[in-house]
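Please open the model in your viewer and keep the selection tool at hand, as this tour moves from one stop to another.

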Amino acid sequence: MRKFLLNKINTKLTLKYRFFHPYHQQPIDPASYQFQIRTATSADLISVAQIITESFHSHNGIWGWAFPLLRLGIYEDLRHRMTSPTPRHICLVAFESTTGEANNLVGSVELGVRYRSDSWSQVGVGFPYLSNLAVHPKYRRHGVASGLLTSCEKVSREWGFQDLYLHVLENNHQARQLYFKLGYRVHKVESNWNTFLLRRSSQMLLHKHLSADSII
């Protein structure tokens, strides 16, 4: 019993250190690495949470102090989805394979089936929906995101679907350029009161039909 309690305390202290101390990564030479994609495991959650937080939140500015809290919140959300999986939900991770270590993660994405009853889908019909596509800033523009998207398209086809949906902010021009290049098209521009009152960017719902030749 004492050993169990000590192990539990050590685990909590390790998590506290990982989430509330600066994250450091060794410099890389983008021209010298290769990556592969696999299904995420529970052991990947801390690294995935770090990548997502790095992608969507900044260390700098007035909100820099909240970065560790945001990272911890993302970790808990991921852990909940991983421990309570639905039949059609998957988290994929890309790892830098030059070193031969499958835990050196550089990107991640989630894919699941959602059910909507609004104007972009039929009532009660499920559609594969891609979310949380994130690549570590140091590994961007080297095909990681494209590889993750292609893998999601393959999984969607294996699930029996021929369409794939995702959201992107209208002012995220770099992401939009990538999606358009890979064959995604605007299905709907979604605005709400926050868009006008808080001057936030509208969300664009993108759609891609997965034709027989869309999976390489």
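Select leucine 69 to begin: in this predicted model, the residue has a relative accessibility of 47% and so counts as partly exposed. Leucine 69 lies in helix H3, which covers residues 67–83, and together with Ile62, Trp63 and Trp65 it makes a nonpolar surface patch of about 570 Å².

Stay on helix H3 and select arginine 79 and glutamate 76, which are three residues apart in that helix, about one turn, and whose side chains meet in a salt bridge with an N to O distance of 2.7 Å. Arginine 79 is partly exposed at 37% relative accessible area, and glutamate 76 is likewise partly exposed, at 33%.

Next, select arginine 81 and glutamate 110, which form a salt bridge whose closest N and O atoms are 2.7 Å apart. Because arginine 81 belongs to helix H3 and glutamate 110 to strand S3 (residues 105–115), this pair ties together parts that are 29 residues apart in sequence. Glutamate 110 is buried at 4% relative accessibility, whereas arginine 81 is partly exposed at 28%.

Then move to arginine 38 and aspartate 44, where another salt bridge joins the side chains at 2.8 Å, N to O; arginine 38 is partly exposed at 22%, while aspartate 44 is buried at 5%.

Finally, select histidine 207 in strand S7, residues 203–209, which is buried with a relative accessible area of 18%. Its side chain makes a polar contact of 2.6 Å with the side chain of aspartate 163, and, beyond neighbours within four places in sequence, the residues in contact with histidine 207 include Leu164, Tyr165, Tyr184 and His187.

Technical notes:
Residues are numbered from 1 along each chain as its sequence is written. This is a predicted model: local features need pLDDT of at least 70, side-chain atom pairs count only at pLDDT 80 or more; totals for chains, interfaces and linings use all residues. Side-chain values use heavy atoms; hydrogens and water are left out. Patches are made of residues with over 30% relative accessible area and no salt bridge: like charges are joined within 9 Å, nonpolar side chains (Val, Leu, Ile, Met, Phe, Trp, Tyr) within 5 Å. Accessible areas come from the Shrake-Rupley method with a 1.4 Å probe; for residues, only the protein chains shown count as cover. A salt bridge is a side-chain nitrogen of Lys or Arg within 4 Å of a carboxyl oxygen of Asp or Glu. Helices (H or I, at least four residues) and strands (E, at least two) are DSSP runs, numbered from the N terminus. Buried means under 20% relative accessible area, exposed over 50%, partly exposed in between (1.4 Å probe, protein chains only). A polar contact is a pair of N or O atoms within 3.5 Å; within protein, one must be able to donate a hydrogen and the other to accept it, and residues adjacent in sequence count only if both atoms are side-chain atoms. Contact means heavy atoms within 4.5 Å.
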